[in-house]
Amino acid sequence: MSESIIPESDNTEKFIFFVLVLLGIVIIFLEITGNNIPYSKFELKNERGFAFSRCYNTRKGLFLIYLSTILSITFIYIFDSRKKTPYHIIVYIFYLINYLKRCFEVLFIHKFSKKSSFFALLYIGISHTFVNTILCRCILLSNKNIDDSNFFYLILPFPLIIFGWFGSFYHHILLAKIRRSPRNAKRYKIPRGGLFEYVSCPHYFMELLTWAGFSVIVHRLSFYGHIVFIFCTFAGRSYQTRKWYNNNIVGYPRKRKCLIPLIF
């Protein structure tokens, strides 16, 4: 017996799917219309008169968010008494590696030019810790059949996931090299190398590939809603990033796309 292309879903899965898709549509609309989520190069633009304008150390804030995601998912796995299948174990391993990688990058790779507002860190925390904890809880609560251990869904997407991990790590290093010297620590320059020659945000594209491969492994409607949410977030953000570079950095290559090489 094989898994269907469209996974069977209960009302909870359908509700989460529609909520995530709706949030994705709202976010891409806000980003493309210039109402950006206020962090990174868009931070100051959105903070005038905002209630949560107090700023915090970005490195520490992101590290705590990524670490709390690991701890939260580990907690629900440990204290859930149901028997874990290879499916559950592989899902947990993905989350562990993915967020340990993020913790390493935020501590040792990324160069931050600005602090982040409470609102920005709250948004990122909800997007990562809260959303993924709920999704993992759904995995543990749902009753699925023996196809949870289907080789195709569990193993075949891993090359795409690993490619995305290494690709995002490589492009994060390229970004960090721009700000290696103290003189460039808070300056924006034109990124070069890798897929930066084709798109403005290749690290987003690589991360999108990672989550797409993971969605195939999970094969649940809620996680397909999650990948729509991620795509909308990255598409809107990369659109505004490309626009910002074109408006603020002299000589920025206008042929570069936003997110997907040669397409968008």
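Guide: Here is a walk from the whole chain to one helix pair, and then to the cores.

Keep in mind that this is a predicted model, where local features need pLDDT of at least 70 and side-chain atom pairs count only at pLDDT 80 or more, while totals for chains, interfaces and linings use all residues. Residues are numbered from 1 along each chain as its sequence is written, and side-chain values use heavy atoms, leaving out hydrogens and water.

The chain has eight helices and two strands; these are DSSP runs numbered from the N terminus, with helices being H or I of at least four residues and strands E of at least two. In sequence order they go α-β-α-α-β-α-α-α-α-α. Of the 264 residues, 52% are buried, where buried means under 20% relative accessible area, exposed means over 50%, and partly exposed is in between (1.4 Å probe, protein chains only).

Now zoom in on α4 and α8. Their axes come within 11 Å and cross at roughly 165°; an axis is a line fitted to C-alpha atoms, for helices over the stretch in contact, and angles run from 0 to 180 degrees between N-to-C directions. That makes the two helices roughly antiparallel, a label for angles over 145 degrees. The crossing of α4 and α8 is left-handed, meaning the near helix is turned anticlockwise from the far one by less than a right angle.

Who meets whom? From α4 come Y123, S127, V131, N132, L135 and I139, and they meet S222, F223, H226, F229 and T233 of α8; contact here means heavy atoms within 4.5 Å. The residues of this contact split into six nonpolar, five polar and no charged. For that count, Ala, Val, Leu, Ile, Met, Phe, Trp, Tyr, Cys and Pro are nonpolar, Asp, Glu, Lys and Arg are charged, and the others, Gly among them, are polar.

Next come the cores. A nonpolar core is a set of buried Ala, Val, Leu, Ile, Met, Phe, Trp, Tyr and Cys residues joined through side-chain atoms within 4.5 Å. The largest one has 51 residues, and Y95, W211, F214 and L259 have the most contacts inside it. Both α4 (118-141) and α8 (221-248) are among the helices that each supply at least two residues of this core. A second, separate core has seven residues, including I190 and W244.

V250 is exposed, at 82% relative accessible area.

Methods
Angles under 35 degrees count as roughly parallel, over 145 as roughly antiparallel, 65 to 115 as roughly perpendicular and the rest as oblique.
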